[in-house]
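Q: Could you walk me through how to read burial and aromatic contacts in a model like this one?

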Amino acid sequence: MEGTFKNEYHKLRLNLLWCSNWLRTEIITILEPFELTQQQLNALRILRSRMTIESEKTFSTQDLRELMLDKMSDTSRLVDRLVEKKWVVKKTDTADKRRVSIAITQSGLMLLEKVDIKLSDFEDILKEYTQDEVKLLNKLLEKLTNKNKEDFKRYLLDTPSDALEYAIFGANI
């Protein structure tokens with residue numbers, strides 16, 4: 001196996017790609033029974049965290065797009081799908097009629113509780129690593145992403161930890 005890599009950097013790049021794809025596939029498998037995509041989960045978690053942090057302030061699809069790691073242009077369609085599933089409600093903002101406010105529903109919160117349990121069970125595979133090993137790996141990955149991704153760095157500073165937790169798992173870094 002060692003002879004198939006040009007050098008350790010090549011091996012690292014392939015390991016990162018393999019791990020990213022493996023993790024994404026595992027999470028997709030976990031989310032399938034809930035009929036939930038990674039982007040939808042990211043959006044719901046952002047809305048949950050904003051609900052508890054800024055319950056007085058309105059939150060729009062544009063606000064959601066800015067906090068999502070995947071800055072897709074189709075956030076409105078994503079929100080519409082969440083509304084169809086009754087996990088999110090949207091209404092015209094009373095202060096600005098052009099702005100649509102969105103919020104997570106009780107049904108959306110209950111769904112997140114179930115998904116959180118499944119994702120927590122999945123994290124058990126990481127328990128074979130010591131806290132020190134996990135901290136080192138996190139530090140190295142943060143060094144890699146912060147060096148090469150200014151947007152990611154800003155995202156880490158601007159996003160509540162609840163939303164970050166899943167966004168990072170679903171990221172295309």
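Q: Is Phe122 buried or exposed?
A: In this predicted model, a residue counts as buried when its relative accessible area is under 20%. Phe122 has a value of 13%, so Phe122 is buried.

Q: How many aromatic pairs does a search of the whole structure find?
A: Two rings are taken as a pair if their centres lie within 6.5 Å, and the search of the whole structure finds two such pairs. One of them joins Trp18 and Trp22, whose rings are stacked, at 6.2 Å centre to centre and with 5° between the planes.

Q: Where do Trp18 and Trp22 lie?
A: Both belong to helix H1, where they are four residues apart, or about one turn of the helix. Trp18 is exposed, with a relative accessible area of 55%, whereas Trp22, at 32%, is partly exposed. Trp22 also pairs with Phe122, and this pair is tilted, with 5.9 Å centre to centre and 40° between the planes.

Q: Which parts does the pair of Trp22 and Phe122 tie together?
A: Trp22 is in helix H1 and Phe122 is in helix H5 (residues 106–123), so the pair links parts that are 100 residues apart in sequence. Trp18, Trp22 and Phe122 together make up one aromatic cluster.

Q: Which phi angle does Glu35 have, although it is not a glycine?
A: Glu35 has a positive phi of about 55°, and it sits in the loop between helix H1 (8–31) and helix H2 (38–53). Its relative accessible area is 61%, so Glu35 is exposed.

How values were computed:
Residues numbered from 1 in each chain as written. Predicted model: local features only at pLDDT ≥ 70, side-chain atom pairs only at ≥ 80, totals over all residues. Heavy atoms only, no water. Helix = DSSP H or I, 4+ residues; strand = E, 2+ residues; numbered from the N terminus. Buried < 20%, exposed > 50% of the residue type's maximum accessible area, 1.4 Å probe, protein only. Phe/Tyr/Trp six-rings, centres within 6.5 Å; stacked < 30°, edge-to-face > 60°.
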